[in-house]
Amino acid sequence: MKKVYKAHILYTKDKDHFEVLDNGYVAVDDEGCVTGVSTDLASLGVDVSQRCNTDTDVEIIDFGDKLLIPAMNDLHVHAAQYRNQGIAMDLELMEWLQSYTFPEEMKYADTVYAERMYRRFVHDLWRFGTMRVCTFASIHTESTRVLMHLFQKAGMGALVGKVAMNRNCPEGLSEPVEEMVKEYESLIVETLQETSLPLTAPYPPLVRPIITPRFIPSCTPEMLRACSELASKYQLPVQSHLSENKNEIAMVQELEGTWYGNAYNRYGLFGQTPTVMAHCVFTESEEMELMKRNDVMVAHCPTSNLNVTTGIAPIRQFLDKGVRVGLGSDISGGHNLSIFHVMVYAIQLSKAYYQLHRECPYLTLSEAFWMATKCGGSFFGRVGSFEPGYEFDALVIDDSDLNHDNYSLLERLERYIYMGDDRQIVHRFCRGKEILDNDQY
Ligand SMILES: [Zn+2]
């Protein structure tokens, strides 16, 4: 049955404007896709005179004075670092990796531990209204399988990466290349068997694998080539890290004899299939140009820029260049899983950057919202907007406890972004289905 949701609707078609519909309607078909959005019910093909008729094939759900917005998309987060959220925030990248990150990820050889932590992770994503996530798991196939199944049971969208790494890492986190390929193929084949949808369909399976070389310093050339071959053979997307830290950049130059982005590109891991690169803090002209040309996306992680690295990603330059940018919580380099709060940090960080580079205007609210919804969502397909043809991923916000009297709808949304949390999110939808508290699974 077609559903029509009524509420105050806010979303962004482009980065510079909000669409605001006071008492608007979004129509959603049986497949979970938006068929229309308007303040005029008749224009959505709903016969108003029939709406009380039990024979009608349209159900109207009225959310009254609440806000209806697209759900959040997190483009970079490490599920296997969830326990480390909020600790060791005073270390630099390499020391932080060796003393905290790697020892924690080793624990995921134990699937009982993995399931306990991953359940919390999926539940907390749900709490904060993140319905799509692009995540690193660990090298462990069995635990990665557990994470994929938890997302499937929850009904949330996820690109899940079994991490590939075989150098500059402790023994327990290194996997031989042939083993990685064999194990990864088993995950891919299972995904294909569990769904009737091809991985490359316009509306592909909600949960699917993503090729995940950790980053160049952790992968031998053979490992990088194997990752590229898997991505190409199964037409799978790729995620990794790029130009986060100056020591790391120097290491890549020494190992590969070229600059970071070019090294990925030479292996076929830089836009040959849809690719998202986290951080890009020190990305400059040549690398930015190649990202634009190959349509490589940036996962901007402002909290992690502040906590772990020594710089601020040049987001204004990426946007001016036309490079797509989404937001990432980057747990545990980042400390906050809420993409709403990550939006706030992105704006604040861009203001700090502006103090140093007056030629780079800071980010606006609509730009941050667009990165969190439509632009970030574009990595998953037609996700993050209420335009016709988009998958209905949505949140209903009850901001009555934020004293919204006499504020405009846009001011109410801004106040929610800056002051709200999970308590105001009263309904969550992913691909048209309401997603209930996944603690029950
Ligand atoms: Zn990361």
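Reader: Which residues of α4 and α5 meet, and what makes them count as being in contact?

Author: In this predicted model, Val177, Met180, Val181, Tyr184, Glu185 and Ile188 in α4 meet Glu222, Met223, Ala226, Cys227, Leu230, Lys233 and Tyr234 in α5, where contact means heavy atoms within 4.5 Å. The residues of this contact divide into 10 nonpolar, no polar and three charged, given that Ala, Val, Leu, Ile, Met, Phe, Trp, Tyr, Cys and Pro count as nonpolar, Asp, Glu, Lys and Arg as charged, and the others, Gly among them, as polar. Residues are numbered from 1 along each chain as its sequence is written, and side-chain values use heavy atoms, with hydrogens and water left out. Local features need pLDDT of at least 70 and side-chain atom pairs count only at pLDDT 80 or more, whereas totals for chains, interfaces and linings use all residues.

Reader: Why are α4 and α5 called roughly parallel?

Author: Their axes are 10 Å apart and the helices pack at an angle of about 20°; angles under 35 degrees count as roughly parallel, over 145 as roughly antiparallel, 65 to 115 as roughly perpendicular and the rest as oblique, and α4 and α5 are therefore roughly parallel to each other.

Reader: What makes α3 roughly parallel to α4?

Author: The axes of α3 (residues 141–154) and α4 (residues 177–194) come within 10 Å and cross at roughly 25°, which makes α3 roughly parallel to α4. The residues of the contact of α3 with α4 divide into two nonpolar, six polar and four charged.

Reader: How do you know that His76 and His78 are buried?

Author: Histidine 76 has a relative accessible area of 2% and histidine 78 one of 3%, and buried means under 20% relative accessible area, exposed over 50% and partly exposed in between, with a 1.4 Å probe and protein chains only, so histidine 76 counts as buried, and histidine 78 likewise counts as buried.

Reader: What makes His76, His78 and His241 donors of the zinc ion?

Author: The NE2 atoms of His76, His78 and His241 lie 2.0 to 2.1 Å from the zinc ion, and donors are N, O and S atoms within 2.8 Å of the metal (3.2 Å for Na, K and Ca), although water is not among the atoms, so sites may look incomplete. In sequence, these donor residues are spaced H-x1-H-x162-H.

Reader: Why does valine 296 count as buried?

Author: Valine 296, in the loop between α8 (285–294) and β13 (297–300), has 0% relative accessibility and therefore counts as buried.

Technical notes
Axes fitted to C-alpha atoms, helices over the stretch in contact; angles between N-to-C directions. Helix = DSSP H or I, 4+ residues; strand = E, 2+ residues; numbered from the N terminus.
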